[in-house]
Amino acid sequence: MSMKRILFILLTCIMCAPLFAQKGQAELAVYGGTLSFTKIDNPYFGSFDPGFGFGFQAKYFLTNRMYWAADLYGGTDDGTTYYEETAIGRTILSAYRQDYSISTGIGFNFVSLKHFNSYIQGLVGIGTVDGYTSNYISETVGFRRDDLKRTSYLVTAGAGLDFAISKHWKIGGAYTFRYLGSVDGSHAIVAKISYVIH
């Protein structure tokens with residue numbers, strides 16, 4: 001049996017699996033976890049240590065598999081400091097940031113079983129970064145601080161899974177990449193708890 005045929009059969013089985021999310025069902029979730037930053041051709045100096053993020057999400061099922069989602073999110077690096085010895089003295093780079101965003105979009109449960117579902121989603125919205133980078137290079141050179149305050153469009157892509165532990169409660173985990181336009185990108189791995197409204 002060819003690999004194409006095997007993949008087609010697996011995809012058919014997934015698409016024909018029992019549908020336990022119902023049209024009109026809603027879910028309210030709170031989530032939080034680790035956050036890391038990816039610098040993508042942006043103007044600020046330095047980089048940021050990993051931190052943590054926290055958010056809220058609402059889902060409403062438009063069909064048995066497809067849902068609309070709205071997401072509120074905040075994250076921080078919790079402070080970043082680097083030390084480096086140079087010919088003219090000790091360089092100290094300090095940085096701090098807080099990220100906030102609101103986004104909305106569509107998701108899809110590609111596996112939907114009675115006690116387990118796995119999904120992918122794509123959201124768009126607006127995000128902002130509030131923080132600074134500062135650079136101290138010896139007493140003779142002095143101190144320089146640059147504010148990092150930018151607002152930009154936001155595009156997110158994510159995937160996750162949920163386990164039903166009762167009729168109204170789910171626990172799960174997810175991965176999300178956020179691209180914050182002219183600023184940078186971030187990766188988040190989170191744990192999540194959801195309340196299901198039938």
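A residue is called buried here when its relative accessible area is under 20%, exposed when that area is over 50%, and partly exposed in between, with a 1.4 Å probe and protein chains only counted. The structure is a predicted model, in which local features need pLDDT of at least 70 and side-chain atom pairs count only at pLDDT 80 or more, while totals for chains, interfaces and linings use all residues. Residues are numbered from 1 along each chain as its sequence is written, and side-chain values rest on heavy atoms, with hydrogens and water left out.

Taking a salt bridge as a side-chain nitrogen of Lys or Arg within 4 Å of a carboxyl oxygen of Asp or Glu, the model holds five salt bridges. One of them links Lys-170 to Glu-27, with 2.8 Å between the closest N and O atoms. Strands and helices are DSSP runs numbered from the N terminus (E, at least two residues, for strands; H or I, at least four, for helices). Because Lys-170 belongs to strand β8 (residues 169–179) and Glu-27 to strand β1 (residues 26–38), this pair ties together parts that are 143 residues apart in sequence. Lys-170 counts as buried at 12% relative accessibility, and Glu-27 is buried too, at 3%.

Through shared partners, Arg-97, Asp-99 and Asp-184 are joined into one network. Arg-97 has 0% relative accessibility and is buried; Asp-99 is buried with 9%, and Asp-184 is likewise buried.

Gln-121 is part of strand β6 (residues 116–137) and is buried, with a relative accessible area of 14%. Its side chain is joined to that of Tyr-67 by a polar contact of 2.8 Å. Such a contact is a pair of N or O atoms within 3.5 Å; within protein, one atom must be able to donate a hydrogen and the other to accept it, and residues adjacent in sequence count only if both atoms are side-chain atoms. With contact meaning heavy atoms within 4.5 Å, and leaving aside residues up to four places away in sequence, Gln-121 touches Gln-57, Lys-59, Tyr-67, Ala-69, Ile-106, Gly-107, Thr-156, Ala-157 and Gly-158.

The surface has its own feature to show. A nonpolar patch (Val, Leu, Ile, Met, Phe, Trp or Tyr side chains joined within 5 Å, from residues with over 30% relative accessible area and no salt bridge) is formed by Leu-28, Leu-161, Phe-163, Ile-165, Trp-169, Ile-171, Ile-193, Tyr-195 and Ile-197. Together these residues have about 770 Å² of accessible area, computed by the Shrake-Rupley method with a 1.4 Å probe and only the protein chains shown as cover. Strands β7 (142–164), β8 and β9 each give two or more residues to the patch, and β9 gives the most, with three. Ile-197, in strand β9, is partly exposed at 37% relative accessible area.

Finally, the backbone deserves a look. Most residues other than glycine have a negative phi. Asp-78, although not a glycine, has a positive phi of about 65°. Asp-78 lies in the loop between β3 (66–76) and β4 (80–86) and is exposed, with a relative accessible area of 55%.

Terms used
Patches are made of residues with over 30% relative accessible area and no salt bridge: like charges are joined within 9 Å, nonpolar side chains (Val, Leu, Ile, Met, Phe, Trp, Tyr) within 5 Å.
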